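The sequence and structure come first, and the notes follow.

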Amino acid sequence: MAEQTENQFNIHPMDQFIIKPFSGGGDLAWYTFTNQAFWMTLCFISVTLFFVLGTRHKALVPDRFQVAVEMLYSFVHSMVVDIAGREGLKYFPFIFSLFLLILAGNVLGLLPYSFTFTSHIAITGCLALIVFVSVTFLGFIKNGFKFLSLFWISSAPLALRPVLLLIEVISYFVRPVSHSIRLAGNMMAGHAVIKVFAGFAGAMGLGAIAPVIAIMAVYGLEMLVVVIQAYVFTILTCVYLNDALHPGH
Amino acid sequence: MATENKVETSAGMPQLDFTTFPNQIFWILIFVLLFYLVVRYIIIPRLEDIMSSRQDLINADIQQAEEFNKEARQIEEEIEKTMADANTEALNITSSTKMQVNDKVESAMKEIQETVQKQTLESEKRINQIEKKSKEDVQKIATELCMDLIARFSDNTIKENDVSKMVGDQIKGNSYD
């Protein structure tokens, strides 16, 4: 009896994040095609189809589909211009591809039985490090050693500047950590919560009204969170890019 | 069995399973590159093409609208100019017509005055003739009357010429005493 009860509530909300070879078994080598790589492929195909089909008519007066595609494009485009200025447009393709990768990963991750690759710290950490390293290099290439003025806040009182320098340097190197953990944490937490409630609903059977309502509520919230997190990751990338392009405070 | 299953599937936090990191990094790098290539060489060119052709159309429309506006303004100016010219011409025509009318009226008046003067002179002449004839007739009748009276009331005979002269003197002096 006790074993049965344990079985009923045998919920493992973190199991959905386990990386397995796509073929089902075998060892996991660095090149093995995994369930995670499969969902990345689906994201890639979805995004490509979305944009290619959305722009297939190349209509001057767009239909609803094309409007959606154009809105997505204009949204990120204006974000880059507003935050990093027109100079930042040179790096728009990279930022836009990053946004689409994260957004598609987050949105497709909401499908039942799917895999949310953006909930993995290795993935988000990798993305954040790409941004961090490229932005830092760009800062030095564009401004030389003047880029270091980012840490030396000339508008602050002289006595405070060394303290602020320390804070600024630490905060600069913490950027990739916060950048990646924010996204992975949000994705993981939301999906885990849904899985927990789904476990309750499964265990309670037909009477599981409360868990189902909870799932619907959390799912609604998650739909908002997945878009916001993709937006936040992109906007922070733009902010870091702006710091590299215009380091003076 | 359940316990075995639990051991097999539950893995704490799979995110912290460092053995999967090389595989994850490998695939994310590939997909970042793929996304970048698709966005850079397929998606953005298509959208920029649409947006730029739309912008071109909008610019062309705006330019055309500005040209139409300019044309409309020119036409308006032309209309105003034509109106002003027509107004001036109308004023000129009015004033010249007025002058012509005045001239005609003046000449007609002059003609009338001349006619009136001529007719007055003729009338005066005729009146004088009538007056003269009337006086002669009056003198003749008076003379005849006098001759008749003298013949009836006296036996004296007076020459008609004398009577006529006397009557004529009386008429000239306007006195019948």
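The model is predicted: local features need pLDDT of at least 70, side-chain atom pairs count only at pLDDT 80 or more, and totals for chains, interfaces and linings use all residues. Residues are numbered from 1 along each chain as its sequence is written, while chains are lettered from A and ligands numbered from 1 in the order in which they are written.

**Chain B**

- Chain B contains three helices and zero strands, where helices (H or I, at least four residues) and strands (E, at least two) are DSSP runs numbered from the N terminus.
- The order of elements along chain B is α-α-α.
- Chain B has a radius of gyration of 66 Å, whereas a compact globule of 177 residues would have one near 16 Å; the radius is taken over C-alpha atoms, and the globule rule is 2.2 Å times the number of residues to the power 0.38.
- Along the principal axes, the C-alpha atoms of chain B fill a box of roughly 200 × 35 × 20 Å.
- Of the 177 residues in chain B, 7% are buried (20 or more other C-beta atoms within 10 Å of the residue's own, with C-beta atoms placed from the backbone).

**Interface between the chains**

- Contacts (C-beta atoms, placed from the backbone, within 7 Å) link 43 residues of chain A with 37 residues of chain B.
- On the chain A side, α1 (2–8), α2 (35–54), α3 (64–84), α4 (92–108), α5 (121–143) and α6 (161–204) each supply at least two residues.
- The most is given by α2(A), with seven residues.
- This side of chain A divides into 27 nonpolar, 11 polar and five charged residues; Ala, Val, Leu, Ile, Met, Phe, Trp, Tyr, Cys and Pro count as nonpolar, Asp, Glu, Lys and Arg as charged, and the others, Gly among them, as polar.

- Leaving aside residues up to four places away in sequence, A:Ile102 touches A:Thr118, A:Leu183, A:Ala230 and A:Phe233.

**Helix pair α5(A) and α6(A)**

- The axes of α5(A) and α6(A) lie 8 Å apart, at an angle of about 145 degrees; axes are lines fitted to C-alpha atoms, for helices over the stretch in contact, and angles run from 0 to 180 degrees between N-to-C directions.
- Residues making this contact include A:Leu127 and A:Phe132 of α5(A) and A:His179 and A:Leu183 of α6(A).
- The contact of α5(A) with α6(A) comprises 10 nonpolar, four polar and one charged residue.

Note on methods: Two residues are in contact if their C-beta atoms, placed from the backbone, lie within 7 Å. A residue is buried if 20 or more other C-beta atoms lie within 10 Å of its own, exposed if 12 or fewer, and partly exposed in between; C-beta atoms are placed from the backbone.
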